[in-house]
Amino acid sequence: MSVQFSGSTRANILEAMSQKQYDVLIIGGGITGAGIALDAVTRGLKVALVEMQDFAGGTSSRSTKLVHGGLRYLKQFEINVVAEVGREREIVYRNGPHVTTPEWMLLPIHEGGTFGRFTTSIGLRVYDFLARVKKEERRTMLSAADTLVKEPLIKQDGLKGGGYYVEYRTDDARLTIEVLKAAGEAGADIINYTKAETFLYDSARKVNGLIVKDTLSAQCYTIHGKKIVNAAGPWVDDIRGKDFSKNNKQLRLTKGVHIVIDQSVFPLKQSVYFDTPDKRMVFAIPRDGKTYVGTTDTFYDQDIQHPRMTAADREYLVNAIHYMFPNVAISEDDVESSWAGVRPLIYEEGKDPSEISRKDEIWESESGLITIAGGKLTGYRKMAENVVDLIANRLAATDEMTFKPCQTIHYPISGGNIGHYEDFVNKKSKEALQYGLTEVEGNKLAKKYGANVDHLFQYAMETDGRLPPFVYAQLIYSIEHEMVVKPVDFFIRRTGSLYFDIHWVHEWKNQVVEVMQERMNWTVEEAEFMKKELEQELHYAVSPQD
């Protein structure tokens, strides 16, 4: 790495970044910015990236956590979108098998539902063709009886059958961090909690740098880049507003909410994509002993940084569960956790939230600022390729610089170079016993961290007893190798536990803050602030917004 990707050396990283001249400076550390950083640095560009919050702190930790092929867009005749993201998901899986896994999805077909048996069969066949789905993952059509074998909880009344096809499940935040780490390992300089405050311009009024603020220390730095990319997701328009040459394109934000329920109450065994009474489509997905259900799709114009589940959102999703799974006797009290995400879509007049295109667009302003907006998690690598192609062309024209073509189609992300996945996980599960971990814990760590798991094994042996090896290893690794600087970073975006194991967060939160306080040299007041911030996130996850 060009500079350590460590939370304990952030100030040194920022100081070093302020002394350099970059070819490209990226604003935004979600999956879009991460992909651009990796693509650019592997072509030979000097790359810097700044993120206002934690990495993946916005939309990229708040999705449905699927690298999916865009079946819904077939319904809207967005053929090119289906073809591109369908092919891209296989590349995402191949380059990071530890954060993405094939997941068979059941699409039940009911009398009077959104999808009929014939249209589903044709649609899935076209989907398989456009997305170039490999033979063993192509769709099959099921009878009503076979559909109930796959998932007995589905509503039997009016059931005509089902479509069965493959999607890819991911941990969106971990996918983002592994892409960023790969970029860092290749030489990019990357920093979180650093806000773009003011653009700098040359004598021709072309943007050539940023004044940024470290939001933890309030200190400002200047970073110079020949090309600046605005990949700020929901904040794209805010960033463009700082530039003198904003055009008439604008975002339309929509909010999506997911709820998490324990499998003891909602024992779903099969991922299901189903329609609701108002004909919207919702996913129900089993994961790590929980079932999560989402997403809603509503226009949103409130606090972008802290979108939350409302009582109406929760009621809508609980009612959707009752509609499709009538024997699942859950109530709103069974919702253990939730998350809400804001999608930055490109405004289209007169369209409902679910109808607005998810297609990405690239804009270049008079100042030379490059903005990318829209798009899907699945298509991040291709979006990055398009942006870097543009940057390379501009640099070739002005600086007579030449770069390699895109390298990322066969480029493993951090932790992704593991060979045969199952063999790797089995081997590391057994190895874990040598480091004071159980085989089950070793299995979890190998699946989550891939080829980086050996670092965690080493840290597991160093615990001082306040935290068990399994917790301590993840915490120290996330600080020293994944730039964690706050407990919320660790519990939400590095482990996902605030969403999928909220009891684990309650069990270890005080010890985690204590260890971090020592490691990061926090004052008593700083430690108290970190505790309150975590408590607030725990409250937000469970309690609806008023």
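Phe118, Ile122 and Val126 make up a nonpolar patch on the surface, with about 290 Å² of accessible area together. A patch like this takes residues with over 30% relative accessible area and no salt bridge, its nonpolar side chains (Val, Leu, Ile, Met, Phe, Trp, Tyr) being joined within 5 Å; areas come from the Shrake-Rupley method with a 1.4 Å probe, and only the protein chains shown count as cover. Keep in mind that this is a predicted model, where local features need pLDDT of at least 70 and side-chain atom pairs count only at pLDDT 80 or more, while totals for chains, interfaces and linings use all residues. Residues are numbered from 1 along each chain as its sequence is written, and side-chain values use heavy atoms, leaving out hydrogens and water.

**Helix H5**

- Ile122 sits in helix H5 (helices are DSSP runs of H or I with at least four residues, strands are E runs of at least two, and both are numbered from the N terminus).
- Ile122 counts as partly exposed, because its relative accessibility is 38% (buried is under 20%, exposed over 50%, partly exposed in between, with a 1.4 Å probe and protein chains only).
- Other H5 residues are buried, including Leu124 and Tyr127.
- An α-helix has 3.6 residues a turn, so residues three or four places apart point the same way.

**Nonpolar cores**

- The largest nonpolar core has 75 residues, and Val229 is among those with the most contacts inside it (a core is a set of buried Ala, Val, Leu, Ile, Met, Phe, Trp, Tyr and Cys residues joined through side-chain atoms within 4.5 Å).
- Helix H10 (residues 380-399) gives this core its largest share, nine residues.
- A second, separate core of 66 residues includes Tyr127 and Trp522.

**Salt bridges**

- There are 41 salt bridges in the structure (each needs a side-chain nitrogen of Lys or Arg within 4 Å of a carboxyl oxygen of Asp or Glu).
- Lys226 and Asp399 form one of them, at 3.4 Å, N to O; this pair ties strand E9 (residues 220-230) to helix H10 across 173 residues.
- Glu336 and Lys290 pair up too, at 2.8 Å, N to O, and they link strand E15 (residues 335-346) with strand E13 (residues 290-294).
- Lys290 counts as buried because its relative accessibility is 7%.
- Bridges that share partners also join Asp54, Arg174, Glu178, Lys181, Glu482, Asp489, Arg493 and Arg494 into one network.

Key
Patches are made of residues with over 30% relative accessible area and no salt bridge: like charges are joined within 9 Å, nonpolar side chains (Val, Leu, Ile, Met, Phe, Trp, Tyr) within 5 Å.
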